Amino acid sequence: MTSNEYDEDVLQTFLDNQDQLFPEPVADSPEEAEAFLEDCLAVVCDSKEDVIEYLSDSMDTDGMSMEDLLDSPEVFALEDGRYLVVEG
């Protein structure tokens, strides 16, 4: 299942790791991070399978393994097992 709701864990993970996707910070506070994620239509996925399904609907994933997809810069692993997907 995916959602567009960004809780404190999602926002902090994005703030702490945004350099994996962007060369310079795009947000400096949780409020800025939430606005940015809303603008990008970022999604929170509940499982690895949801990430794979979401990415296969939005990009060419042929020949990519689950590990490749989960290691892509657009995917941010959250501590609770969910994933944030940000398509920059």
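Guide: Let us start with a polar contact, a pair of N or O atoms within 3.5 Å; within protein, one must be able to donate a hydrogen and the other to accept it, and residues adjacent in sequence count only if both atoms are side-chain atoms. Here a polar side-chain atom of Ser72 lies 2.8 Å from the backbone oxygen of Leu69. This is a predicted model, where local features need pLDDT of at least 70, side-chain atom pairs count only at pLDDT 80 or more, and totals for chains, interfaces and linings use all residues. Residues are numbered from 1 along each chain as its sequence is written, and side-chain values use heavy atoms, with hydrogens and water left out.

Visitor: Is Ser72 buried or exposed?
Guide: Buried means under 20% relative accessible area, exposed over 50%, and partly exposed in between (1.4 Å probe, protein chains only). Ser72 has 9%, so it is buried.

Visitor: What kind of aromatic pair do Phe14 and Phe36 form?
Guide: Rings of Phe, Tyr and Trp (its six-membered ring) pair if their centres lie within 6.5 Å; planes under 30 degrees apart count as stacked, over 60 as edge-to-face and the rest as tilted. By this rule there are 3 aromatic pairs. Phe14 and Phe36 are stacked, at 5.8 Å centre to centre and 15 degrees between the planes. Both Phe14 and Phe36 are buried.

Visitor: And which pair do Phe14 and Phe76 form?
Guide: That pair is edge-to-face, with 5.6 Å between centres and 65 degrees between the planes. Phe14, Phe22, Phe36 and Phe76 form one aromatic cluster.
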